[in-house]
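Hello,

Here is the structure I promised to send over. Have a look at it first, and my notes follow below.

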Amino acid sequence: MTTTTPRISVIGAGPGGLTCARVLQRHGVQVTVHEFDTSLDARPQGGSLDMHADSGQIALEAAGLLDRFRTLARPAGQAKRGLTAHGEVVVDYRPDEDEDGAPEIDRGQLRALLADALEPGTIRWGRKLASVTGNGDGTHRLLFEDGTTTHTDLVIGADGAWSKVRPLVSDATPRYTGVTFVEAWFHHVDRAHPAVATLVGDGQVFATGDSKGLIAQRNSGGRVCVYIGIRDEPDWQRAAGLDPADTEAVRAALLERFAGWDASLLPLIADNDGPYVSRPLYAIPAPHFWPHSPGVTLLGDAAHLMTPFGGNGANYAMLDGAELALALARHEDLDEAVTTYEKTMQTRAAEFGDGIEALHQAFAPGGLDRADIPDFAQEKDDYKTRAAAYRAT
C-alpha cells in the first residue's frame with residue numbers, strides 16, 4: 001500500500017464489513033466502520049448461519065478467529081430432515097460428531113465475535129449513510145443522517161441489499177423473487193415446546209409443497225427460528241387487510257394457507273412466542289458485473305444479493321471482506337488492489353449464481369422431490385475439497 005495512510009471507510013457492520021475491517025487491522029491498515037445500528041444488540045440479528053469450510057471459515061482464519069469460532073459453533077446443527085406436507089420423511093441427514101464442513105452459529109454470536117476483535121472505536125455506531133458523492137479525484141464525501149460528514153479515499157459498500165454505495169458503480173437493483181418468509185420464534189423450546197423441539201432436533205427440518213414451505217432451525221439458548229414461506233406480494237398482510245401487529249389475525253391467515261398439512265407440522269405456525277415478521281426475499285440477478293470506479297467497491301449483498309437457498313450469502317460476504325482486505329494490504333496502489341479483488345469476487349459470484357432457480361424449485365406447485373434435495377454429506381465434502389484447493393493457490 002502507498003506510504004501515505006489511506007482513509008478507508010466501510011459502510012455496514014455486518015459479517016462481511018466486520019471481516020474486512022478485522023483483516024485490515026491484522027495487517028496494520030487503518031479503517032473506520034460506519035453502522036446505522038446504535039449498538040451491537042440494538043435489534044435481533046435473525047436465525048442461525050452455517051459457516052462453510054470453503055468460504056466463511058477461510059475468512060475467519062484470515063481474521064485470526066477460527067479457533068474462537070469453533071468454541072461457539074454447533075457441529076450438530078448441520079443435521080437436516082426433509083418432510084413432505086403430509087409429514088413423510090424424505091431425507092434425514094445426521095452429521096458425524098467430527099463433521100466440520102459447515103457448523104452452525106447464531107448470527108448475533110458471529111457478529112459479536114467479529115466486532116469484539118476490532119480495535120476500540122473502529123465502529124461508529126448510529127451512523128446511517130444519507131448519501132455518498134465523488135469529489136472528482138477518486139475520493140468521496142460521506143454524509144450521514146445525523147448531519148456529520150467525512151471524506152474517504154476508499155468507500156466500501158458492505159451495506160446490504162439496499163446499498164447506498166452501489167449506485168456509484170452500478171444501476172442494478174434488487175428484484176422481488178415472489179416468495180416471502182414469515183419469521184417466527186420459539187423460546188425455551190425443550191421445556192415449553194417439546195413437540196417442536198423433537199421435530200426440529202439439533203439442526204434443521206424443512207417441508208415444502210403447494211408453493212409453500214416451512215423451515216425450522218435450532219439456535220443456541222434453547223431457541224428455534226421458523227421461516228414460513230409463501231408466494232404472495234411483499235406486503236401480503238396489508239394486501240389481505242391484516243394488521244401486521246395483530247399476531248392472532250396473522251396466525252389465523254397463515255394456518256388457513258396451510259390447511260391440509262400434517263398436524264405434526266402446524267405447531268411451527270401456531271405455537272410461536274411473540275409476533276411474526278415478514279421478510280420478502282429479494283435478489284440481484286446474476287451475473288452482476290460493473291466497471292471499476294476509483295475509490296469505491298462493494299462486497300456481500302451490496303455486490304451479489306442471493307436468496308437464502310444454499311446458505312452462501314454471509315459466507316461469501318465474509319470471504320469478499322477477507323480477500324478485499326488482503327488485496328489492500330498487499331498492493332501499493334488502492335485502485336490496483338480493488339481491481340484485483342473485484343475481478344475475483346465478481347467471477348465467483350457469477351459462478352455460484354443468485355439462488356433464484358433453487359428458490360423457485362423449492363416453492364414449486366408440487367411436493368418435495370428427493371431428487372431435488374442436495375446430498376448433504378457430499379455437500380460437506382465438496383466444501384472441504386474446495387477449501388483445500390483454495391488454500392493451495
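The strands concerned are β1 (residues 8-11) and β2 (residues 32-35), which run parallel and are joined by three bridges. Strands pair here if DSSP finds at least two bridges between them; strands (E, at least two residues) and helices (H or I, at least four) are DSSP runs, numbered from the N terminus.

A word on the source: this is a predicted model, in which local features need pLDDT of at least 70 and side-chain atom pairs count only at pLDDT 80 or more, while totals for chains, interfaces and linings use all residues. Residues are numbered from 1 along each chain as its sequence is written, and side-chain values use heavy atoms, with hydrogens and water left out.

Both strands belong to an open sheet of five, in the order β7-β2-β1-β11-β17, with parallel pairing. At the edges are β7 (123-125) and β17 (296-298); each has a single partner strand, so one side of each is left without a neighbour in the sheet. From one strand to the next, the twist averages 20°.

Helix α12 (residues 334-352) packs on this sheet, touching β11 (154-157) and β17, where contact means heavy atoms within 4.5 Å. The direction of α12 makes about 25° with that of β17; axes are lines fitted to C-alpha atoms, for helices over the stretch in contact, and angles run from 0 to 180 degrees between N-to-C directions.

Happy to talk it through!

Best wishes
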